[in-house]
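Subject: Handing over the structure

Dear colleague,

My notes on what was found follow after it.

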Amino acid sequence: SGFAAAVCAKHKHAVILINLHICILEKEADVAMGATKANSAIVHAGFDAKEGSLKAKLNIKGAQMMPELCKELNVPYVQNGAVVIGNFLPTLQELYDRGIANGVKGLEILDRPALEKKLPCIADNITCGLYANTSAIVSPYKLAIALVIYTSSYLLINIFRENVCFF
């Protein structure tokens, strides 16, 4: 996608060093109008991805990289963490164990009193939760636009309203 290409192109030193010429082709009139518009804005911690999978590795690496990337691009980043709630501890324990196996830092299983401190209006039937402090939120629109503006300053051509077919 154009968003992923812009992130890769952001590393201008590598682009210049290996003499790459990069062009982002966008089907829509502007960035963030395709898949990005359906993005939930969550920076995933990596505890729910299959153990050892590429998705798990990229979730963790992305969560580690995002604060610095957002700071550099002046895009708001809120590290608010995420809580998965439930009433069946073995399921949350499974997510916790998977997260630990994937290398997620800052995971914590919460009992009801600890949950109430984080989520005061929680439903009465919720008994436990899994807290991931590395989860965050960032506006996919602001991030996509900032990336394209940043990368447009060097060796990058953006072409909008073009249909692209890959074989």
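Accessible areas come from the Shrake-Rupley method with a 1.4 Å probe, and for residues only the protein chains shown count as cover. Ile42 is partly exposed at a relative accessible area of 40%, on a scale where buried means under 20%, exposed over 50% and partly exposed in between (1.4 Å probe, protein chains only). Ile42 belongs to strand E2 (residues 42-43); helices (H or I, at least four residues) and strands (E, at least two) are DSSP runs numbered from the N terminus.

Please keep in mind that this is a predicted model, in which local features need pLDDT of at least 70 and side-chain atom pairs count only at pLDDT 80 or more, while totals for chains, interfaces and linings use all residues. Residues are numbered from 1 along each chain as its sequence is written, and side-chain values use heavy atoms, with hydrogens and water left out.

The protein chain holds six helices and eight strands, and buried residues make up 35% of its 167 residues. Of the contacts (heavy atoms within 4.5 Å) with a separation of 6 or more, 74% are between residues 24 or more positions apart. The chain exposes about 10500 Å², of which carbon and sulfur atoms supply 60%.

Leaving aside residues up to four places away in sequence, Met66 touches Val43, Tyr77, Val138 and Leu143.

Helix H6 (residues 140-151) has 12 residues and reaches 16 Å from its first C-alpha to its last, close to the expected 16 Å, which is calculated as 1.5 Å times one less than the number of residues.

A search of the whole structure finds two salt bridges, a salt bridge being a side-chain nitrogen of Lys or Arg within 4 Å of a carboxyl oxygen of Asp or Glu. Glu94 and Arg98 meet at 3.1 Å, N to O; they are four residues apart in helix H4 (residues 89-102) and therefore separated by about one helical turn. Glu116 pairs with Arg112, the closest N and O atoms being 2.8 Å apart, and these two residues are also four apart, both in helix H5 (residues 112-118).

Lastly, there are two backbone angles to look at. Ala41, in the loop between strand E1 (22-26) and E2, has a phi near 80 degrees, a positive value in a residue other than glycine, and is buried at 17% relative accessible area. Asn74, in the loop between H3 and strand E3 (77-78), has a positive phi of about 60 degrees although it is not a glycine, and counts as exposed at 69% relative accessibility.
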